[in-house]
Amino acid sequence: MKKDISRYRNIGIFAHVDAGKTTTTERILKLTGKIHKIGEVHEGAATTDFMEQEQERGITIQSAATSCFWQDHQLNIIDTPGHVDFTIEVYRSLKVLDGGVGVFCGSGGVEPQSETNWRYANDSKVSRIIYVNKLDRIGADFFRVVKQVEDVLAAKPLVMVLPIGQESEFVGVVDLLTRKAWIWDDSGDPMNYEIKDVPADMVDDVESYREQLVETAVEQDDELMEKYLEGEEISIEELKTCIRKGTVDLAFFPTYCGSSFKNKGVQLVLDAVVDYLPNPMEVKPQPEIDLEGNETGRVAIVDPEKPLRSLAFKIMDDRFGALTFTRIYSGTISKGDTVLNTATGKTERIGRLVEMHADSREEIEWAQAGDIVAVVGLKNVQTGHTLCDPKDPATLEPMVFPEPVISVAVAPKKKGGNEKMGMALSKMVQEDPSFQVETDEESGETILKGMGELHLDIKVDILRRTYGVEVEVGKPQVAYRESITKELADSYTHKKQSGGSGQYGKIDYILEPGEPGSGFQFESKVTGGNVPREYWPAVQKGFAFSVEKGPLAGYPVVDLKVTLTDGGYHPVDSSAIAFEIAARAAYRQSLPKAGLQLLEPIMDVDVFTPDDYMGDVIGDLNRRRGLIKSQEASATGVRIKAEAPLSEMFGYIGDLRTMTSGRGQFSMLFSHYSACPANVAEVVIKEAKERQAAS
């Protein structure tokens, strides 16, 4: 039994935080839930009950993906984060989507957050339709928002409907394709509408906008273009085919409007999802990677007959246990199957499979390519792991989780809150692999590590809101590193004689700076057995243990190569432990003589600013020891790419907003480590020594 994949739409709803994403999603579920029920004639079973408790609590979709039906098509709606917390999260949700609906507020228009989301979706080449919501609000203006989409997002909106009335007078929309007016009454029931002729005062506007619509659409098909230029009428079906092609190819974005809160206009958006957004087979397939991380040249073709390839894109805890949401790219998955997790190399058994429906969760026996389902009870799966066929393993994307570059210490405000905080943090780590938690051995403090200030701010907020744990947060700490600049040959002898068997180990070695990013390397060039081969690992272990703490300020030492060249041993007194102790002491003796330096994390900073503020933004980045790499003008402003030390970027979002009247945006990712200027290093080393003395 196969499902028809061409009738699937995996979509996300992107929006600025207050544009009405939640209400829109809820209305979609309500509409589709109702129709799904009517289709199955469940004696008009109460469809709206399940939503009421949710409305009381102000939450809608509790799941990361929920399925509903519209016109015999299955829509899997994926909850995309509203706040772009510049980490993997947004990219991950974009990765599993085939299309999206960009929701904009009729009065707020294109806001900074929607710009960022739009840019991310452009990078991921996701087809979208646009829905201008809240047209019943004071100050709402559909045509102004359409113009903003052109100017601010440099995108091409294809106007598909015109609003009838604005603000409190908003009653419905005219569908330009059919030249029919949809008018809703004030009952708030989305099903209470009438389809009428276009109001007399709108006929001219409708004709002129329809002409623009047809001209843009037929550009997608040369034959229809000729037909149109020769004055022939283009049928609605032909137009729809052209609009679909243009939408899938990102040539334009069909644009709709309505008021989700008042239940007006949502049906046409749902029709557009079915008519114009791509199905899983129309999207570029995911490249496969072998277990070593190299591209194999193969792709995961959306086909139930192919080997299983699926990506876990979100982990959530709910009353049923841990749910792992997974998008199946190829093959099928059934209850009881054994699948391989390529990230851990371990197999997992699929216990239960569930599909989230608007008002329920349905246990299913199997799912196939194109589906988005939740697996209950997987043990060691994290966001971004690939689950595949054990007989034919492949990974869908290399798991690149950048190393955290910033840390803060947290402690619960309430006494005895440690256990509650610990449980909450372990769940959060599973959900976001770029977030790490560890305990400082010396001070016993809990340290949160993340990708940037905003990332950690959001984590502390989740602790408070979702888990009810109030915490005190320390000052952000930068993850510095230490390294050496000179090559040095040295020797160390460890010898201890105190009744009974003694300890003896002598090593000659060379320390040298390694390639940037090489970490710690060890090699032995001992010949002639002066240090027997069985003791080499002990020497390596001694040095490897020591590099965790550098002599300058106690930060890990990186890019260091140690070569064991010679040494000496005693047939009775030598042991592995003696050579390990020799290596640790040798490290303490020699490293300070090898030109130690402090390294600081340098971030790739991507700043977006309107033209008027460019000078201020660049001046400010220079003051932060930033190095400007490129400036790129766009229709909406300037993107400045720069490299800047993390330590200078604390509090940057506030300063940037002040400089740009709230319109600037930035994102920051770790790039590399680089030597600290002497004056900066001095301060860091002094602070580290004071901290060590205090603890």
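**Surface turns, sheets and cores in a predicted model**

With a relative accessibility of 63%, K125 counts as exposed, a label given to residues over 50% relative accessible area, while buried means under 20% and partly exposed lies in between (1.4 Å probe, protein chains only). The structure described here is a predicted model, in which local features need pLDDT of at least 70 and side-chain atom pairs count only at pLDDT 80 or more, while totals for chains, interfaces and linings use all residues. Residues are numbered from 1 along each chain as its sequence is written, and side-chain values use heavy atoms, with hydrogens and water left out.

The predictor's own confidence in each residue is expressed as pLDDT, on a scale from 0 to 100. The protein chain averages a pLDDT of 84, and 89% of the residues score at least 70. Over residues 36-62, however, pLDDT stays under 50, and the model has 25 contacts beyond four places in sequence for this stretch; a contact means heavy atoms within 4.5 Å.

K125 sits in the loop between helix 4 (112-123) and strand 5 (127-133). Helices (H or I, at least four residues) and strands (E, at least two) are DSSP runs, numbered from the N terminus. Most residues other than glycine have a negative phi.

Strand 3 (residues 73-78) gives a view of the interior. Six of its six residues are buried, so the strand is largely enclosed by the rest of the structure. In a regular strand the side chains alternate between the two faces of the sheet. Here both faces are covered, with H73, L75 and I77 buried on one side and Q74, N76 and I78 buried on the other. Strands are said to pair if DSSP finds at least two bridges between them. Strand 1 (residues 8-15) runs parallel to strand 3 and is joined to it by five bridges, with I11 standing opposite I77. Strand 2 (residues 65-70) pairs with strand 3 in the antiparallel sense over six bridges, and W70 has H73 as its bridge partner. Strands 2 and 3 form a hairpin with two residues between them, and Q71 in the turn has a positive phi of about 50 degrees.

A loop residue can be buried too. N279 lies in the loop between helix 9 (266-276) and strand 12 (286-289), yet N279 is buried, with a relative accessible area of 7%. Its side chain reaches the backbone nitrogen of M281 at 2.8 Å. Leaving aside neighbours within four places in sequence, N279 is in contact with I5, S6, Y8, R9, D98 and R244.

Which strands make up the open sheet of four strands with antiparallel pairing? Their order is 7-8-9-10. Strand 7 and strand 10 (193-196) stand at the edges, each with a single partner strand, so one side of each is left without a neighbour in the sheet. On average, neighbouring strands of this sheet are turned by 25 degrees against each other, direction ignored. Helix 9 packs on the sheet and touches strand 7, strand 8, strand 9 (180-184) and strand 10, its direction making about 130 degrees with that of strand 9. Such axes are lines fitted to C-alpha atoms, for helices over the stretch in contact, and angles run from 0 to 180 degrees between N-to-C directions. Strands 7 and 8 pair over four bridges, and P163 has V173 as its bridge partner.

V173 also belongs to the largest nonpolar core, which has 66 residues; V101, F104, M160, V173, I243 and Y256 touch the most other members. A nonpolar core is a set of buried Ala, Val, Leu, Ile, Met, Phe, Trp, Tyr and Cys residues joined through side-chain atoms within 4.5 Å. Helix 9 supplies the largest share of this core, eight residues. Apart from it lies another core, of 44 residues, among them V405, V410, V469 and L621.

A further open sheet of four strands has the order 30-31-33-32, with mixed pairing. Strand 30 (488-496) and strand 32 (520-524) stand at its edges, each with a single partner strand. Strand 32 pairs with strand 33 (residues 560-568) in the parallel sense over five bridges, and Q521 has K561 as its bridge partner. Helix 12 (residues 536-546) packs on the sheet, touching strand 31 (503-513), strand 32 and strand 33. Helix 13 (residues 576-590) lies across strand 30, strand 31 and strand 33, running at about 40 degrees to strand 31.

Methods:
Polar contact = N/O pair within 3.5 Å; in protein donor to acceptor, adjacent residues only side chain to side chain.
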